[in-house]
Amino acid sequence: MTMPQPGIFAQGNTENAYLEFDLDRSETLEEALRALFRIPAAYTEGSTNMVVGVRPSLWRAARPADTPEDAADWDEPIRGTDGFTMPATPHDLWVWLSAGERSILFDRTTELRDALTGIATVATELDGWHYKQSRDLTGFIDGSENPPLIEAPTAACVAPGRPGAGASILLFQQWRHERSWQNLSEHDQELVIGRTKSDSVELADDIKPASSHVARTVVDVDGNELDIFRHNVSYGCTGEHGTLFVGFSQDQWRQVEMLRRMAGVDGTRDALTRFTTPLSGAIYVIPSVQALVDYLPQEDD
């Protein structure tokens with residue numbers, strides 16, 4: 001059986017760090033992965049979980065049989081018909097560390113940076129935290145459409161027998177929330193989202209606008225909704241803040257199609273994008289455990 005990286009589904013850790021790296025040389029991918037798996041966080045020491053992602057073109061070049069079929073770099077912005085743009089900001093490596101305490105996360109992140117010194121350069125580092133348990137900074141419950149945890153691997157990971165079995169496609173985006181959101185009444189906010197604010201009940205079809213966030217983020221094929229397993233968190237301070245979208249799926253198409261619908265490529269733009277601004281966006285392959293075994297440090301005889 002091919003296993004996904006377990007940290008994808010880990011629950012309960014309240015402190016999160018997300019780092020993107022650019023390799024100093026493209027041929028150093030193997031060296032970088034070996035360095036990552038020598039640090040304590042690779043073994044969940046100190047209650048830390050680590051999830052590693054690789055730029056699709058780099059991973060395909062290194063491990064073609066372990067790459068999901070439609071995995072590809074996202075290197076061109078997505079533009080809606082009204083000019084709204086989602087930027088593409090690809091990097092070579094993505095690492096997510098999570099822990100139960102800030103001090104532990106700080107130490108593990110420092111070890112991570114030290115381990116990759118001379119191999120890769122930190123391009124971005126963002127801290128993520130949970131706002132009122134399951135809500136984001138709009139005040140609405142986030143992840144209402146997430147599959148139950150027991151079903152999440154089916155949505156998030158490539159099925160056995162297919163190329164890249166056990167791997168996942170990650171969409172990682174930073175969305176800044178604009179202060180204009182606070183000028184809306186709760187009723188108008190609910191029309192933007194397509195759900196009630198207090199208890200996240202989806203609005204009836206005759207009330208929910210076609211441009212609502214709920215309506216635009218649903219990707220449906222032949223009457224079947226394609227799930228994405230979201231692990232979103234809040235980021236920032238009181239001055240500038242927003243949401244980090246951390247979404248895992250078994251294929252890339254559903255993620256890109258969701259972005260196209262949100263951007264309004266078909267002419268209907270997600271209303272939430274008028275109150276939030278995408279600052280970054282990248283796609284990564286999250287390799288299976290079996291694919292990463294070759295990069296583990298060898299035990300001494």
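Reader: Leaving out residues up to four places away in sequence, which residues does Glu178 touch?
Author: Contact here means heavy atoms within 4.5 Å. Glu178 sits in the loop between strand 7 (168-177) and helix 5, where helices (H or I, at least four residues) and strands (E, at least two) are DSSP runs numbered from the N terminus. With residues up to four places away in sequence set aside, Glu178 touches Phe275, Thr276 and Thr277.

Reader: What pLDDT do local features need in this predicted model?
Author: Residues are numbered from 1 along each chain as its sequence is written, and side-chain values use heavy atoms, with hydrogens and water left out. This is a predicted model, in which totals for chains, interfaces and linings use all residues, side-chain atom pairs count only at pLDDT 80 or more, and local features need pLDDT of at least 70.

Reader: What is the relative accessible area of Glu178?
Author: With a 1.4 Å probe and protein chains only, buried means under 20% relative accessible area, exposed over 50%, and partly exposed in between. Glu178 is partly exposed, because its relative accessible area is 23%.

Reader: Why do the buried residues of helix 5 lie on the same side of it?
Author: The buried residues of helix 5 (186-193) are Gln189, Glu190, Val192 and Ile193. They lie on the same side of helix 5 because, around its axis, they cover an arc (taken from the directions from the axis to the C-beta atoms) of only 160°.

Reader: Which helix is included in what covers those buried residues of helix 5?
Author: Just after helix 5, Gly194 takes a positive phi of about 95°. What covers the buried residues of helix 5 includes a further helix, spanning 213-217, namely helix 6.

Reader: Ser200 has a positive phi although it is not a glycine; what is its value?
Author: Ser200 is found in the loop between helix 5 and helix 6. The residue counts as buried because its relative accessible area is 12%. Although Ser200 is not a glycine, its phi is positive, at about 60°.

Reader: What is the relative accessible area of Lys132, another residue with positive phi?
Author: Lys132 is found in the loop between strand 6 (120-128) and helix 4 (152-156), and its phi is near 45°, a positive value in a residue other than glycine. Lys132 is exposed, because its relative accessible area is 56%.

Reader: What is the volume of the largest cavity?
Author: On a 1 Å grid over the protein atoms alone, a cavity is a set of points where a 1.4 Å probe fits but cannot get out, and lining residues have an atom within 4 Å of a point. Grid points are joined across faces, edges and corners, and the volume is the space filled by probe spheres set on the points. The largest cavity is lined by 32 residues, of which Asp142, His213, Thr217, Arg230 and Asn232 lie nearest its centre, and its volume is about 580 Å³.

Reader: At what angle do the ring planes of Trp59 and Tyr295 lie?
Author: Rings of Phe, Tyr and Trp (its six-membered ring) pair if their centres lie within 6.5 Å, and planes under 30 degrees apart count as stacked, over 60 as edge-to-face and the rest as tilted. The whole structure holds 11 aromatic pairs. Trp59 and Tyr295, both buried, form a tilted pair, because their ring centres are 6.3 Å apart and their planes stand at 50°.

Key:
1 Å grid on protein atoms, 1.4 Å probe; cavity = no way out; pocket = protein on both sides within 12 Å on 5 of 7 lines; lining within 4 Å.
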